[in-house]
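Subject: Structure handover and notes

Dear colleague,

Please find below the structure I promised to pass on to you, together with its sequence.

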Amino acid sequence: MSKTLFRTRIKFCGMTRAGDVRLASELGVDAVGFVFAEGSPRRLQPEEARAMRNAMEPLVDAVALFKDNPADEVRAVLKQVRPSLLQFHGSEDDVFCKSFGVPYIKGIPMRGLDPAQRAQHAIQLLMKYPAASAFLFDGHAEGQQGGTGEVFDWSTIPTGLGKPFVLAGGLRPDNVFDAVISTLPWGVDVASGIESAPGIKDGDKMRRFVEEVRRADCHPD
Ligand SMILES: O=C(O)c1ccccc1NCC(=O)[C@H](O)[C@H](O)COP(=O)(O)O
């Protein structure tokens with residue numbers, strides 16, 4: 001793909017207010033994420049997410065994020081919110097993730113991995129999650145919650161995946177340019193880096209984040 005035509009996809013995660021969702025759409029963000037993981041400060045009830053889903057403009061993806069939620073909770077979200085993508089961050093296996101008939105992204109904890117194991121890690125991921133549409137590499141450690149603003153060592157990103165990956169973990173308006181140039185992801189995902197408090201997005205940070213991604217997309221290298 002010609003670099004001049006490529007556009008890094010952007011997902012804003014952990015939305016809790018309809019106004020933030022509308023602004024994300026106006027800024028040209030590709031996807032917004034609603035968190036249903038237990039214990040998250042951004043956790044929504046399905047009815048709350050449904051109200052925000054209704055505030056979304058066309059041609060923007062709604063992503064429902066889970067971490068070891070029971071299947072009936074996932075189904076309740078599907079019924080109310082009609083997400084176009086699911087995102088799993090817990091110990092759910094491929095059979096569970098694909099059982100809902102909606103494409104899924106698998107969140108991968110990247111904290112503390114060894115760069116020498118990159119190729120091996122890619123093979124393991126492809127074997128464990130053959131039905132995943134994409135992998136999302138996140139800054140937290142195994143078993144922990146995401147959305148905490150931790151950057152991981154980008155040199156550990158698995159190589160030879162043959163599937164799109166989304167870069168997450170500690171991205172902010174002031175580091176996302178370098179992140180995109182260094183890792184060339186399919187997309188970037190941000191939660192705390194565009195917030196003033198958990199779940200409360202900051203309009204200026206949202207706008208600057210998008211500007212920095214677009215600046216990286218126009219960069220000649
Ligand atoms: O955002 C949460 O509260 C959350 C809770 C449990 C599991 C995953 C969670 N978020 C995952 C995301 O997709 C975040 O956007 C990602 O971790 C990046 O977060 P941040 O480092 O704050 O940008």
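This is a predicted model: local features need pLDDT of at least 70, side-chain atom pairs count only at pLDDT 80 or more; totals for chains, interfaces and linings use all residues.

Residues are numbered from 1 along each chain as its sequence is written.

The barrel

The strands form a closed barrel of eight, in the order E1-E2-E3-E4-E5-E6-E7-E8, with parallel pairing. From one strand to the next the twist averages 25°, where axes are lines fitted to C-alpha atoms (for helices over the stretch in contact) and angles run from 0 to 180 degrees between N-to-C directions. Strands here are DSSP runs of E with at least two residues, helices are runs of H or I with at least four, and both are numbered from the N terminus; two strands pair if DSSP finds at least two bridges between them.

Around E5, strand E4 (residues 85–88) and strand E5 (residues 104–109) pair in the parallel sense over three bridges, with Ile105 as the bridge partner of Gln87 and with Phe88 opposite Lys106. E5 is also joined to E6 by five bridges, again running parallel, and here Ile105 has Ala134 as its bridge partner in E6, while Pro109 stands opposite Asp138.

Burial of the strands

A residue is called buried if 20 or more other C-beta atoms lie within 10 Å of its own, exposed if 12 or fewer, and partly exposed in between, with C-beta atoms placed from the backbone. Strand E6 (residues 134–138) is largely enclosed by the rest of the structure, because five of its five residues are buried. Both of its faces are covered, with Ala134, Leu136 and Asp138 buried on one side and Phe135 and Phe137 buried on the other. E8 is likewise covered on both faces, by the burial of Gly187 and Asp189 on one side and of Val188 and Val190 on the other. In E5, five of the six residues are buried, and the strand is mostly covered.

The ligand shell and the core

There are 27 residues around the ligand, of which Cys13, Gly146, Gly147, Ala191 and Ser192 come nearest; a residue is near a molecule or strand if its C-beta atom, placed from the backbone, lies within 6 Å of it. Strand E2 (31–35) and strand E8 (187–190) are the elements that give two or more residues to this shell. By class, the shell divides into eight nonpolar, 14 polar and five charged residues, where Ala, Val, Leu, Ile, Met, Phe, Trp, Tyr, Cys and Pro count as nonpolar, Asp, Glu, Lys and Arg as charged, and the others, Gly among them, as polar.

The largest nonpolar core has 55 residues, and those with the most contacts inside it include Phe12, Phe34, Phe36 and Val188. Such a core is a set of buried Ala, Val, Leu, Ile, Met, Phe, Trp, Tyr and Cys residues joined through C-beta atoms within 7 Å. Leaving aside its neighbours within four places in sequence, Phe36 is in contact with residues including Ala64, Leu65, Phe66 and Val77, contact being defined by C-beta atoms, placed from the backbone, within 7 Å.

Single residues to look at

Arg82, in the loop between H3 and E4, has a positive phi of about 50° although it is not a glycine, and Arg82 counts as partly exposed because 13 other C-beta atoms lie within 10 Å. Leu184, in the loop between helix H6 (176–183) and E8, has a positive phi near 45° and is partly exposed, with 14 C-beta neighbours inside 10 Å.

Ala71 belongs to helix H3 (residues 71–81) and is exposed because it has 12 C-beta neighbours inside 10 Å; the C-alpha atoms of Ala71 and Phe96, 25 residues apart along the chain, are separated by 8.1 Å. Leu5, in the segment before strand E1 (9–13), is exposed, with 7 other C-beta atoms within 10 Å.

With best regards

Methods:
Two residues are in contact if their C-beta atoms, placed from the backbone, lie within 7 Å.
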